[in-house]
Amino acid sequence: MQGLLQMAIEAGADDQDAGVANEMSEERRKWLQEAMSNAFQGQVDEVQQMKDCLADLRGGAEGGDEEAKDPQEEEERKERALEMLADLCENLDNAADFCKLDGMRFLVTHYLDCPEAVLRSETAHLIGTCSQNVPFVQEHVLSLGALGKLLRLLDVDCNEVVRIKALFAISCLVREQEAGLLEFVKLDGFSVLMRAMQSDVMKLKVKSAFLLQNLLTSHPEHKEALCSMGMVQQLVALLRTDHGPFHEHVLGALCSLVMDFPQGVLECRAPELGFEELLKERCQLIASQEEFQLLVYQNRKSDELSWLEWD
């Protein structure tokens, strides 16, 4: 492929210099034909690899093999197939082809809620990988009802890796995707995010807060609904837990919620919330801890909390 690109650049330069296309030599023509054949063959090979992976995931049923198989080996084989598909579908064309092969429908129907946690997590990861920045795939996944299943995994699955991968897939379906965000709101996705932030899994807490902050920044129209469901109070309650790096992301989400939104500022100022006292207490706490010194300095320089305008 690099050779084809270089040849195209050289050909363009030759045309500009000569003004007329020179006749291609037989040797050059043969090289070009082979290069193009190899390039297209690579794409065909990857499509075949995806078909082979789907055959593995279907358990060999297409081949009529009814021989008893070891469950552990079967699970490992399916896990490898899902991992291979995720690698292949990092290519946007492959992600679209995977949907056209009916692979996405098959996964959403048979694997997203299967008993094996490792297969659920790999399936959620594959959905996210395919959906990133590909509107066609995002719309296809949404049409299959995958978002509701992913939200349930995030909310109630007993395996923390599954929950983290489900959140990744959800993020790929709702960020910069209007239809995905509308369905997310309809399915009460913000409440699911809040519950994820209240979990005991730090990675899940941080990523949930980051997604909330991103959605509030890009879609401020949802601020009123979130305030009415008590989001300010719930975020402040999270800040009352033992101080840690996670609080930086909670404060970021809270800033995004109240920025340029007077109702949110008023709720932060409510005396019964005690938010001002909490912030002063935490500033004193972190001032004595070396790991937070740089953060304190940066916050003072940028005055990130000035929007509160305490009386």
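Which element gives the most residues to the lining of the second largest pocket?

1. Basis. This is a predicted model, in which local features need pLDDT of at least 70 and side-chain atom pairs count only at pLDDT 80 or more, while totals for chains, interfaces and linings use all residues. Residues are numbered from 1 along each chain as its sequence is written, and side-chain values use heavy atoms, with hydrogens and water left out.

2. The pocket. Helix α9 gives the most to this lining, with seven residues; helices are DSSP runs (H or I, at least four residues) numbered from the N terminus. The second largest pocket has a volume of about 450 Å³, a volume being the space filled by probe spheres set on grid points that are joined across faces, edges and corners. A pocket is an open set of points on a 1 Å grid over the protein atoms alone, where a 1.4 Å probe fits, with protein on both sides within 12 Å along at least five of seven lines; lining residues have an atom within 4 Å of a point.

3. The lining. Of the 19 lining residues, Leu167, Phe168, Ser171, Cys172 and Arg175 lie nearest the centre of the pocket. Two or more residues come from each of α7, α9 (160-174) and α12 (202-218). By class, the lining has eight nonpolar, six polar and five charged residues (Ala, Val, Leu, Ile, Met, Phe, Trp, Tyr, Cys and Pro count as nonpolar, Asp, Glu, Lys and Arg as charged, and the others, Gly among them, as polar).

4. Helices α9 and α12. Their axes come within 10 Å and cross at roughly 10°; axes are lines fitted to C-alpha atoms over the stretch in contact, with angles from 0 to 180 degrees between N-to-C directions. The angle therefore makes α9 roughly parallel to α12 (under 35 degrees). Arg163, Ile164, Leu167, Ser171 and Val174 of α9 meet Lys203, Leu204, Lys207, Ser208, Leu211 and Leu215 of α12, contact meaning heavy atoms within 4.5 Å.

5. Helices α4 and α7. The axes of α4 (residues 92-100) and α7 (residues 135-143) come within 9 Å and cross at roughly 30°, so α4 is roughly parallel to α7. In this contact, Ala95, Ala96, Cys99 and Lys100 of α4 meet Phe136, Val137 and His140 of α7.

Methods. Angles under 35 degrees count as roughly parallel, over 145 as roughly antiparallel, 65 to 115 as roughly perpendicular and the rest as oblique.
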